[in-house]
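Could you go through them with the structure on screen?

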Amino acid sequence: MKKRIKKILLHIVLPLGCFLTPILFFLSFPPEASAADELSQKLLRFHVVANSDSQEDQAVKLQVKEKILSLLSPSLAYAETKEEAKEIISANMEAITKTAQNTLRENGFSYSATASLCWCDFPVKTYGDLTFPAGTYEALRIVLGEGAGKNWWCVMYPPLCFVDVSFGTVPDQSKAALSHLLTDDTYDSLNSRETSPVRFRFKLFSFLNRFFWPDS
């Protein structure tokens, strides 16, 4: 009886294992996953969080942003790596905080501002015609007051903060800087589009994808 059960199991398990092994071997994550990792390591972002969502707090948030960008722009223009950009920001951290504080006081606000270089979680963000995936990025983070309001963000290195994207596109010069910094696949993934959820996909048995994800 036991021998018969073993034979039955062998006839079931071995063929199933032979079928599943190559499937598991060729499973892969979509390119967005590796792109997010590379972007997280190579980009430095700028994040300003308002005290609240009141019209006044949101307006002064933008003034703080402009003042700090004016302060850092001349130096960051010469940064050739993310590390150099971080060194410039660290050397100017006291001036950054003072600039933010002075801007608040000049506009009649009594709450304070804090500045730091830290790792922050960002959702999917679109800048002009480029879309950056969600992930954890290193950023110069300015928190105004309670930090309970909507935030403003940009990419500080490479310096996309200092360009006008009011027409919905990022200038070619800025795109060239990104292209030089990133791999081709990662740069291509930034083209604006809806971000898809992470999915496992079959490479060897690609016809199975239509059964599991008919909308792809």
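**Notes on the aromatic residues**

1. Trp-153 has a relative accessible area of 9%, so it counts as buried (under 20%; exposed is over 50%, partly exposed in between, with a 1.4 Å probe and protein chains only). Bear in mind that this is a predicted model, where local features need pLDDT of at least 70, side-chain atom pairs count only at pLDDT 80 or more, and totals for chains, interfaces and linings use all residues. Residues are numbered from 1 along each chain as its sequence is written, and side-chain values use heavy atoms, leaving out hydrogens and water.

2. Searching the whole structure turns up four aromatic pairs (Phe, Tyr or Trp rings, the six-membered one for Trp, with centres within 6.5 Å; planes under 30 degrees apart are stacked, over 60 edge-to-face, the rest tilted). One of them is Phe-46 with Trp-152: the centres are 5.8 Å apart and the planes at 75 degrees, so this pair is edge-to-face. It bridges distant parts of the chain, 106 residues apart, from strand S1 (residues 44-49) to strand S6 (residues 151-157); strands are DSSP runs of E, at least two residues, numbered from the N terminus. Both Phe-46 and Trp-152 are buried.

3. Phe-132 and Trp-153 also pair edge-to-face, at 5.9 Å centre to centre with 80 degrees between the planes. Phe-132 lies in strand S4 (residues 130-132) and Trp-153 in strand S6, 21 residues apart. Phe-132 is buried, with a relative accessible area of 0%.

4. Which rings does the charged end of Arg-45 sit over? One is Phe-122, with 3.9 Å to the ring centre, and another is Tyr-137, at 4.2 Å. "Over" here requires NZ of Lys or CZ of Arg within 6 Å of the ring centre and within 35 degrees of the ring normal.

Methods:
Helix = DSSP H or I, 4+ residues; strand = E, 2+ residues; numbered from the N terminus.
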